[in-house]
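Thanks for making the time this morning.

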Amino acid sequence: MSKRIKNNLIFLLSVIMIVFVFVISGCKPSVEYVNKFDVNSAYMVNSVNHRGYYTAPENTLAAYRESARNGFTMVECDVAFTKDGHAVLLHDDSVERTSNGTGNIEELTFEQVRALDFGSWKDKKYVGEKIPSFEEFISLCRNLSLHPYIEVKWKITSEQTSALVETVIKYGMIDKVTWISSSKKCLRTVLEADSGARIGLIVGCVSEENIENLISIGAGKNKAFLDCDQGFVDSRAIDLCIKSRIPLEVWTVDDEQKILELDPYISGVTSNRLVAGEVLYNYALEHAQK
């Protein structure tokens, strides 16, 4: 029996025992309804919604409202800056894929991009959906008790990164956000403004070099983890993280079976549509009742 399968079996048996205690004590949980807060605390899995819920246009306020409606408490966003220095939510350099306009975001003013339709490409019910400002996004997350995973692109300057941190501080969210980036420079800038920030270094794979890069940023002095492509995580990657005591989260997993097969060491899962904690909870509950 492989070490990974053995760990998964131990994890599953532990969960089944917990559920069994609930059942014999008369507190039998329901398969139909899962309390998202219990799921997150019981499984220690950060369940992150990628760019908002997949049925709505990505990186829009509508998408993040749908995230909350569908059980997510953590949401990922992409930040870009307009020509006149406004922080907005956008994944691509260009607005063409997700709006009815053309041009690169850094060449357009905030007024110009706000006049565009960022919803109709997804569904006619979202016609007229606007590109959100970063400030609007943080305000929404505060109001809906959502924990943002803020992706800071490598091309964003130190001054712009500092401005993002100031917005988070303004809304009283400084200890309620996670910063992720493939850029060590961007993460260092975040830590200069908030030494206790929770940060994730985005990597294609887990390697000794990437672990050293994370440690060099400040792991150990703050909350830091590797954020890796799920397709490149194997037993060696898990062993490296365990040895270095580095938490590991993965992206982007949209298949329930793949979530169930993840190593128990993985502490976070980003998905377009699946709440990882809920998938694990319901699987354990279903098998405990048989």
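**A covered helix, and what lies around it**

Let me begin with helix 3, residues 61-69, which in this predicted model is mostly covered, with seven of its nine residues counted as buried. Those buried positions are Leu61, Ala62, Ala63, Tyr64, Glu66, Ser67 and Ala68, and just after the helix comes Gly71, whose phi is positive at about 95°.

Stepping back to the whole chain, the secondary structure amounts to 11 helices and nine strands, and buried residues account for 50% of the 290 residues. If we take contacts between residues at least 6 apart in sequence, 58% of them join residues at least 24 apart, while the exposed surface comes to about 14,500 Å², of which carbon and sulfur atoms supply 52%.

Now to the two residues I mentioned, starting with Thr161, which sits in helix 6, residues 158-170. Is Thr161 buried or exposed? Thr161 counts as buried because its relative accessibility is 0%, and, leaving aside residues up to four places away in sequence, Thr161 touches Val152, Ile156, Cys186, Thr189 and Val190.

On the surface, Glu278 gathers with Asp255, Glu256 and Glu261 in a patch of negative charge.

Terms used
Residues are numbered from 1 along each chain as its sequence is written. This is a predicted model: local features need pLDDT of at least 70, side-chain atom pairs count only at pLDDT 80 or more; totals for chains, interfaces and linings use all residues. Side-chain values use heavy atoms; hydrogens and water are left out. Patches are made of residues with over 30% relative accessible area and no salt bridge: like charges are joined within 9 Å, nonpolar side chains (Val, Leu, Ile, Met, Phe, Trp, Tyr) within 5 Å. Accessible areas come from the Shrake-Rupley method with a 1.4 Å probe; for residues, only the protein chains shown count as cover. A salt bridge is a side-chain nitrogen of Lys or Arg within 4 Å of a carboxyl oxygen of Asp or Glu. Lys and Arg count as positive and Asp and Glu as negative; His and the chain ends are not counted. The place of a charge is taken as NZ of Lys, CZ of Arg, CG of Asp or CD of Glu. Helices (H or I, at least four residues) and strands (E, at least two) are DSSP runs, numbered from the N terminus. Buried means under 20% relative accessible area, exposed over 50%, partly exposed in between (1.4 Å probe, protein chains only). Contact means heavy atoms within 4.5 Å.
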